[in-house]
Amino acid sequence: MTTRIGTIFAQEFRLARRNLWVGLATGILGLFAVVLGIFGAGQGAALDADALTLTAASLATLSVYLIPLIALLMSYDSFAGEIERGALALTLASPVRRWEIFAGKFAAQSLAVGVAIVLAFGAAGAFLALSFGTGSDGIAAWLRLMATAFVLGSVFVGFGLMLSAMAGRTATAAASAVGLWLVLVVIYDLALLGSVMAASDGIFASQVFPWLVVANPADAFRLYNLALIETAPVAGIDGLASTLPFPPTAALAVLGLWLSAVLALGIRRTKRIVP
């Protein structure tokens, strides 16, 4: 079993390394991190925080948009593309279980996203620390950001694989991936903001709204990181991080639940693929 998963993993990771999205993702994430750090360095003295801490807070918000999109774009055609090319039928003809195919693909593509995050954020963090200085709080915030960004990317890799297995066609999988990104990352927050404005200061705003926000994996990632950075200047939904009615670890637990759910659903859907 381990050998079969390892074979799928090695094949998928070789393909992922040659994927344009890996290099592009690394460049984009690193560039944004450096630019935000340079702009944030001027605010550090006023907010009594170093550049690395402030940049981690800014990236916690920006990464919500970039990392899910990158993960989905890397994984949406994993099954659908192989079905269209006839490659999946050949793979299934070998003595390999379908859940092992999913596991190998998921591990390889999650690692590819993780490599992009580590290279981009690691290089940017080193540059900012050497240029503007930092302390233990800044390093801790940066490491938390990198670790949770990897988990967030893995969740959306699982989403992408699941959609790819459901769609069966590359074009359909691509449309589904973009639609999912729009719903979870953009429309969901807009709908919640509209709801809380309509509800004013009632029970919905104080009790229900925080749980609805943290139920979204992207928002859970953002709130967890921001809640542990006391000096982060935040507004809107991000401002909820300072008034959470539950510990920040609950947001981290939500990410873990989403990861388990997409893995279970993705494996289940892979078993029903007709190549």
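**A tour of the aromatic pairs**

Start by selecting Phe156 and Phe159, which both lie in helix H8 (residues 136-167), three residues apart, or about one turn of the helix; helices here are DSSP runs of H or I with at least four residues, numbered from the N terminus. The model is a predicted one, in which local features need pLDDT of at least 70 and side-chain atom pairs count only at pLDDT 80 or more, while totals for chains, interfaces and linings use all residues. Residues are numbered from 1 along each chain as its sequence is written, and side-chain values use heavy atoms, with hydrogens and water left out.

Now show the two rings: their centres are 5.4 Å apart and their planes stand at 55 degrees, so the pair of Phe156 and Phe159 is tilted. Rings of Phe, Tyr and Trp (its six-membered ring) pair if their centres lie within 6.5 Å, with planes under 30 degrees apart counted as stacked, over 60 as edge-to-face and the rest as tilted.

Trp258 lies in helix H12 (residues 249-270) and Phe159 in helix H8, so the pair ties together parts that are 99 residues apart in sequence. Phe159 is buried at 6% relative accessible area, whereas Trp258, at 28%, counts as partly exposed (buried means under 20%, exposed over 50% and partly exposed in between, with a 1.4 Å probe and protein chains only).

Finally, select Phe79, Phe102 and Phe106, which ring pairs link into a cluster.

Technical notes:
Helix = DSSP H or I, 4+ residues; strand = E, 2+ residues; numbered from the N terminus.
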